[in-house]
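Here are some notes to go with the model, jotted down as numbered points. Have the structure open while you read.

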Amino acid sequence: MTSLPERGAAPPSNPTPSSSREGDAAVASSSSSASEEQKKDGSPKQCKASILSSVLTIFEPDQDQSGRSGGHASGSYAWSRVLRRFVGGGSMWRFLGCGKALTAGDVWFLGKCYKLSSEESSSDSDSEGGHAAFLEDFSSRVWITYRKGFDVISDSKLTSDVNWGCMVRSSQMLVAQALIFHHLGRSWRKPAQNPSDPEHTRILHLFGDSEVCAFSIHNLLQAGKSYGLAAGSWVGPYAMCRAWQTLIRTNREQPEVINRNESFPMALYVVSGDEDGERGGAPVVCIDVAAQLCYDFNKDQSTWSPILLLVPLVLGLDKINPRYIPLLKETFTFPQSLGILGGKPGASTYIAGVQDDRALYLDPHEVQLAVNIASDNLEADTSSYHCSTVRDMPLDLIDPSLAIGFYCRDKDDFDDFCSRASELAEQANGAPLFTVVQSVQPSKQMYNQDDGSGCSGYGASDNIDTEDLDGSGETGEDEWQIL
């Protein structure tokens, strides 16, 4: 087993203010106000058409006069060429907030490839697999951000998660995509107008900001107390994955979800390492463990259920080791891809795609008013849960502590995932992101399969020495980075 690099430093205790995060991030479109105007006025394609039609008309010289005006015409054509390069290169779209920030080349977005052409500089040149199709896909993903004005979180008196809840919000986005893929399929796109799809509305309700919503920030913090989750405090990917494990187990045990309307519809596997892996080895996907989780989920030893895999990783010290970047990029080509919980230290984002050496992400650091979407309200305004502003950052600047997500619909899909993961491990030159094995030795068995919850578990202490725990439930060795 090849060990990963040592764990890096813990995140700052006082998270960076959102304004500085926004300044640090490589923003691929303009301000949120421009994005909101785009939503009101029409589609991104209509936005581009209107802008190009008016702007290029200004700079295009009259053909009849160009032959007579000599130097003036030449200057106008020069300006036109500069403008076209400005538009085609993406700077115009960033300036105007229309989401055009991608260069020519392949974009891999949650398992789907979009081939962008350098000719896509006018509204009628978007091909089916080009920029317009990508932007439609991107804006259909569930976007969950900071909220203010929601119900008080427990006894904290906090009614907002501004400046500290970005990791929670990023994790909600990843899990929400898993639910969208499960209930609506990968090809689903958000309707342009109401009524909304019933499943779409129901999924958004689950992530509302109230204790009555199954997967709210309130309930996640409660479930993750033993891993250091607390209102007002930043948390890392490992603890976040374990909080989801606890919440989903609790969710399935609640009698009020017997009708399964709010029950998590898949098994959850938080992938860890061998007996030494908790302290820094490559995580191991064990096929037998996954099978047992699926069978236990269905309470049927012959049926394989859908499964969500969360893989916490530490890929460097203060910065990510460059050898892992090609491997991370490759995971976005997996049909099972759910993206990455990652970002800059102390500023988590939901990375959902890659182009070249840049990560494309949905940013939770925008403050919005809390909204209450009833599960049966198909006319509800869901615009605050979707975003057409594509942001990007260099892959080599993301925090080395991250978590990758995968959704496998059935046994064949899981087998395909394992095949792809094994091939990726073979390409890793001795330092894989994670490995795949059929089974673990009895002496190294870490998983308690007796809870019947569809979740992997390590028993009461989660396989961590209880002497390492302080009064807050955190370890003295920065548990948030433990694999």
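**Notes on the predicted model**

1. Let's begin with Thr-331, which counts as buried because its relative accessibility is 2%. Thr-331 sits in helix H13, residues 325–331. Leaving out residues up to four places away in sequence, Thr-331 touches Ser-337, Ile-404, Phe-406, Leu-424 and Leu-433. Please keep in mind that this is a predicted model.

2. Next, helix H9, residues 198–206. Of its 9 residues, 7 are buried, so H9 is largely enclosed by the rest of the structure. The buried ones are His-200, Thr-201, Arg-202, Ile-203, Leu-204, His-205 and Leu-206. What do they pack against? The partner is helix H8 (166–184).

3. The start of H9 has a cap worth a look. Asp-197 caps the N-terminal end of the helix, with a side-chain oxygen 2.9 Å from the backbone nitrogen of Glu-199. The side chain of Glu-199 also meets that of Arg-202 in a salt bridge, at 3.0 Å from N to O. Both residues belong to H9 and are 3 residues apart, about one turn of the helix. In an α-helix there are 3.6 residues a turn, so residues three or four places apart point the same way. Are the two partners buried or partly exposed? Glu-199 is partly exposed because its relative accessibility is 27%, while Arg-202 is buried, at 15%.

4. The peptide bond from Asn-194 to Pro-195 is cis, with omega near 5 degrees. Pro-195 is placed in the loop between H8 and H9. For context, most peptide bonds are trans.

5. Now the other salt bridges. How many does the structure hold? The count is 12. One of them joins the side chains of Asp-363 and Arg-391, at 3.9 Å from N to O. This pair links distant parts of the chain, 28 residues apart: Asp-363 is in the loop between strand S9 (358–362) and strand S10 (368–369), and Arg-391 is in strand S11 (residues 391–394). Asp-363 and Arg-391 are both buried.

6. Asp-416 counts as partly exposed because its relative accessibility is 29%. Arg-420, at 31%, is also partly exposed.

7. Which residues does it link? They are Asp-137, Arg-141, Arg-186 and Arg-189.

8. On to the cavities. Rolling a probe the size of a water molecule over the atoms shows where empty space is left.

9. The largest share of the lining of the second largest cavity comes from S7, with 3 residues.

10. Last, two backbone angles to inspect. Most residues other than glycine have a negative phi. Ser-154 is not a glycine, yet its phi is positive, about 50 degrees. Ser-154 lies in the loop between strand S3 (147–148) and H8, and it counts as partly exposed because its relative accessibility is 45%. Asp-356, also not a glycine, has a positive phi of about 55 degrees. Asp-356 lies in the loop between S8 and S9, and its relative accessible area of 46% makes it partly exposed.

Notes. Residues are numbered from 1 along each chain as its sequence is written. This is a predicted model: local features need pLDDT of at least 70, side-chain atom pairs count only at pLDDT 80 or more; totals for chains, interfaces and linings use all residues. Side-chain values use heavy atoms; hydrogens and water are left out. Helices (H or I, at least four residues) and strands (E, at least two) are DSSP runs, numbered from the N terminus. Buried means under 20% relative accessible area, exposed over 50%, partly exposed in between (1.4 Å probe, protein chains only). Contact means heavy atoms within 4.5 Å. A polar contact is a pair of N or O atoms within 3.5 Å; within protein, one must be able to donate a hydrogen and the other to accept it, and residues adjacent in sequence count only if both atoms are side-chain atoms. A salt bridge is a side-chain nitrogen of Lys or Arg within 4 Å of a carboxyl oxygen of Asp or Glu.
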